[in-house]
Amino acid sequence: MTGNDLAALSIADLQSLLRRREVSPREVINALRERIEAVDRDIGAYLSLGIEAAMKEAEHANVDLPLGGVPIAIKDIINVMDQPCSCASKILNGYRAPYDATVIQKLRAAGAIPFGKTNLDEFAMGSSTENSALKATCNPWDLSRVPGGSSGGSAAAVAADEAFGALGSDTGGSIRQPAALCGVVGLKPTYGRVSRFGLVAFASSLDQIGPVTKTVRDAALIMNVIAGHDPQDSTSLSAPVPDYVANLGNDLRGVRLGVPKEYMIDGIDPQVRAAIDVAVKQLNSLGAEIIEVSLPNTEYAIAVYYIIATAEASANLARFDGVRYGYRAENPKDVLDLYGRTREEGFGPEVKRRIILGTYVLSSGYYDAYYLRAQKVRELIRRDFASAFEKVDALISPTSPVAAFKLGERVANPLQMYLADIFTIAANLAGICGISIPCGFTELDEHRLPIGVQLLGKPLDEARILQIAHAYEQSTDWHNARPPIASSLRKA
Amino acid sequence: MAGNSDLDVAYVARLARINLTEEEAKVFQKQLDDVLKYVEKLRQLDVTGIDTAAHALPITNVFRDDAPRDWFTAEQALTNAPRQANGLFVVPKVVE
């Protein structure tokens, strides 16, 4: 088996080789490093690697643990001890994490090796990874297109076989949308299912960490390790964690699947719509009953999101002031000059825009009209889902209304960029879980671009959406498709 | 100078402790006016008697034992400080 063949494996297949001692964890890290050296100049998925630390851990890895010897790439907004955690921002220039996030502690305890920090939109604010202040990431299926965002580095790394699996974070779709645009699996757990301790906070009532993987089984394997209560995160839930893998084989007879009629909007690419229709029929043929449902407040979700997320961001990002860590403006004349210039020079435009908007909607005289009203509409959106889930077990929709768009195409119009998050944002507002899995391709010029189908589940019902996603995946061949990156690079 | 909404970007940026160039303030004013115009749609809804949802799932009164434990030493907490002296963060003079 060549290094490239090894890097192309799923986590489950890699584990079989590791446990039969056919490869060693060190060989696995080496294969990944070679793969990264071969393709990442063009993809740009990684911000830093930390090879030496990974090699050292590989020496002692116990391959019989649940994720023993498996390298996992980490979005560079999650703290991994002694490694940078840049949040793709200049303001964290030079920062090295003095501790491990809870998810990293859990991965290590399960034998996994955190390896490589992946690119993102600055502080996870964006849908294309173009807001990274550090580098561009390209879509492995078409290098002139975005990988989606904000976990674009994680999704591109997994799609290009530069990672077996990765962690991302999802505040309004930031795991699911890049997974869809790169043709991989991305799961956003229920709010509180996975600890946020050590995840640099963007919008604390919406953020969740979750896996980006090549297969649904791999997502379940990672969830088995990272889910669960954490005393360090007071919003984490104490509900017991089921075995997400054990539940995968069950068939879909008796499963009721809801199609929200408000999601059939005009802006959906016809090829995306057609692929979703086929996926719904496929699930129906596997035994799922298809039922139309209504989420009447859908059209308000994006407005609610951009008030609540920016309000929370404006408070969370107040900590970046040039005093305790990261970038600090030179020769400040007083403390206000230190704050003002540190933040002017350290933050990129999208982060500044959101802090300003968030400060405004929380300010005296506007709080009731914007923030308080948005919190109430958020409750209406949560109720929409609660009543839909009285009739169905899960909901199905496109993940993104369009496939990957061109780099640079949307940067000048933030509102246009926000509107593309229509199908993912409401799940964060309602706190429910969601998964995106590959369901086909758009054909455009000579390129095929992946399409993702989204399943949304009840709070704490990850096992159910994983089961449905797995049944669908195993009945199709989409997850076996690999991007053309390898062959196109070989001739270069 | 405000645009089509009540938002005055230059003023709010000062509240948020972010210096902006005039050029930046102008661009943001236009972009954020567009966003605020879009969120106006929330006014169409009647929200009388609706509770606010700060969190999606009911989590209240989270307690833990008030017990001492190991945490960062001062030295560890200072490892990322851009400027430090005598085990303390250094800031510009605040009181004249």
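Let's start with one pair of residues. G258 of chain A stands opposite L395 of chain A, which sits in strand β9 of that chain. Keep in mind that this is a predicted model.

Which strands does that pair belong to? Strand β7 of chain A covers residues 256–260, and strand β9 of chain A covers residues 394–398. Two bridges join them. The two strands run parallel.

Now zoom out to the whole sheet. Eleven strands of chain A make it up, and the sheet is open. Follow the order with me: β1-β3-β2-β4-β6-β5-β10-β11-β9-β7-β8. The pairing is mixed. Which strands sit at the edges? They are β1, residues 46–48, and β8, residues 289–293, both in chain A. Each of these pairs on one side only. Neighbouring strands in the sheet are turned against each other by 35 degrees on average, ignoring direction.

A288 of chain A lies in the loop between α9, residues 270–285, and β8 of chain A. Is A288(A) buried or exposed? It has 24 C-beta neighbours inside 10 Å, so A288(A) counts as buried. The cut-off for buried is 20 or more. Who does A288(A) touch? Setting aside residues up to four places away in sequence, the partners are L252(A), V255(A), L257(A) and L283(A). Along the chain, D251(A) and A288(A) are 37 residues apart. Their C-alpha atoms are separated by 9.0 Å.

L248 of chain A lies between α8, residues 216–226, and β7 of chain A. This residue has 18 other C-beta atoms within 10 Å, so L248(A) is partly exposed. Its contacts, leaving out neighbours within four places in sequence, are R217(A), A220(A), L466(A), Q467(A) and H470(A). Take L466(A) from that list. In sequence, L248(A) and L466(A) are 218 residues apart.

On to helices. Find α10 of chain A, residues 301–316, and α13 of chain A, residues 368–391. Their axes come within 9 Å. They cross at roughly 125 degrees. That angle makes α10(A) and α13(A) oblique to each other. The crossing is left-handed. Which residues make the contact? From α10(A), we have A301(A), V304(A), I307(A), I308(A) and A311(A). From α13(A), we have Y370(A), Y371(A), A374(A), Q375(A), V377(A), R378(A) and I381(A). By class, the residues of this contact are ten nonpolar, one polar and one charged.

One more helix. α6 of chain A runs over residues 152–159. How many of its residues are buried? Eight of the eight, so α6(A) is largely enclosed by the rest of the structure. Reading along α6(A), the buried residues are G152(A), G153(A), S154(A), A155(A), A156(A), A157(A), V158(A) and A159(A). Just after α6(A) comes D161(A), with a positive phi of about 60 degrees.

F123 of chain A is in the loop between β3 and α6 of chain A. Phi of F123(A) is near 55 degrees, a positive value, and the residue is not a glycine. Then A124(A), in the loop between β3 and α6 as well. Its phi is positive too, about 70 degrees, and A124(A) is not a glycine either. Are they buried or exposed? F123(A) has 30 other C-beta atoms within 10 Å, so it is buried. A124(A) has 30 C-beta neighbours inside 10 Å, so it counts as buried.

S150(A) is another residue of the loop between β3, residues 113–118, and α6 of chain A. The peptide bond from G149(A) to S150(A) is cis. Omega there is near 10 degrees.

Last stop: the second chain. In chain B, 43 residues are in contact with 54 residues of chain A. Helices α1, residues 9–15, and α2, residues 22–39, of chain B each supply at least two residues of the side touching chain A. Which element gives the largest share? That is α2(B), with seven residues. By class, this side of chain B has 30 nonpolar, seven polar and six charged residues.

Notes:
Residues numbered from 1 in each chain as written. Chains lettered and ligands numbered in written order. Predicted model: local features only at pLDDT ≥ 70, side-chain atom pairs only at ≥ 80, totals over all residues. Pairing = 2+ DSSP bridges. Helix = DSSP H or I, 4+ residues; strand = E, 2+ residues; numbered from the N terminus. Axes fitted to C-alpha atoms, helices over the stretch in contact; angles between N-to-C directions. Contact = placed C-beta atoms within 7 Å. Nonpolar A, V, L, I, M, F, W, Y, C, P; charged D, E, K, R; others polar. Parallel < 35°, antiparallel > 145°, perpendicular 65-115°, else oblique. Left-handed = near helix turned anticlockwise from the far one by under 90°. Buried ≥ 20, exposed ≤ 12 C-beta atoms within 10 Å, placed from the backbone.
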